[in-house]
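Have the sequence and the 3D view ready.

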Amino acid sequence: MMCLLPLEVMAHAVAEGDKGYIQEISGTHIVSFIYLGAKHMVTGYDHLLFLFGVIFFLYRMQHIALYVSLFALGHSTTMLLGVYFEVGINSYIIDAIIGLSVVYKALDNLGAFRRWFGVQPDTRGATLVFGLFHGFGLSTKILEYQISPDGLIPNLLAFNVGVELGQLLALSAILIVMGFWRRSHSFGRHAYMANVAMMSAGFLLIGYQLSGYFLV
């Protein structure tokens, strides 16, 4: 089914209606940008896949809060600074890197790095670094839509607040589902396959984005 989708659907995009809205308005629109930020996060499958991988084997809330905060710090920093200083990166390249982040986390969960190289990467540092790339993915799209400089800073801050609210909503839903799954007998049997499926999805995202880069 994913192979039948156009390449634009696989990009780190904002919906067409939201794109038109961003291009047309000027001035400060706090509530609207909070909504847009929250909508982007809860419909951002690449973000959600990465978050799913991050919390997959985390059981204590303080650990979950630490990793999610690191991801949010990275995501917020590059999104805000990228738009403010107009730092644009090719959207297909940055989205391919975001797909790579999903592959990395799946391999990390499978213990591949320790088996292959005898070392365990710093997962906290990796979460922060990939969060930076996720933020650049969004800032690149916002720059393409030429957001008005009038009210830019409050609108960006409102958008970021919405992103964090959307992340909390999505994370809550993921944790509820994971909580039920972890209490079932199937979790131990299916955890390996779930991460293999996540890794495969990440490779598929990379393939689509690189195809878009070379063909579009």
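Start with arginine 124, which is partly exposed, with a relative accessible area of 45%. Keep in mind that this is a predicted model. The salt bridge count here comes to 3, and arginine 124 takes part in one of them, with aspartate 122. As background, side chains of opposite charge can pair when their charged atoms come close.

**The arginine pair**
- Arginine 124 and aspartate 122 meet through their side chains at 3.9 Å, N to O, and that counts as a salt bridge because the cut-off is within 4 Å.
- Aspartate 122 is partly exposed too, at 48% relative accessibility.

**The pair in helix H5**
- Lysine 105 and aspartate 108 form a salt bridge, and their closest N and O atoms are 2.7 Å apart.
- Helix H5 covers residues 91–109, and these two sit 3 residues apart in it, so about one helical turn separates them.
- Are these two buried or exposed? Both lysine 105 and aspartate 108 are buried.

**The pair in helix H7**
- Glutamate 144 pairs up with lysine 141 in a salt bridge, with 3.4 Å between the closest N and O atoms.
- Both residues belong to helix H7 (residues 123–144), where they are 3 residues apart, about one turn of the helix.
- Lysine 141 is buried, with a relative accessible area of 9%, whereas glutamate 144 is partly exposed at 39%.

Conventions: Residues numbered from 1 in each chain as written. Predicted model: local features only at pLDDT ≥ 70, side-chain atom pairs only at ≥ 80, totals over all residues. Heavy atoms only, no water. Helix = DSSP H or I, 4+ residues; strand = E, 2+ residues; numbered from the N terminus. Buried < 20%, exposed > 50% of the residue type's maximum accessible area, 1.4 Å probe, protein only.
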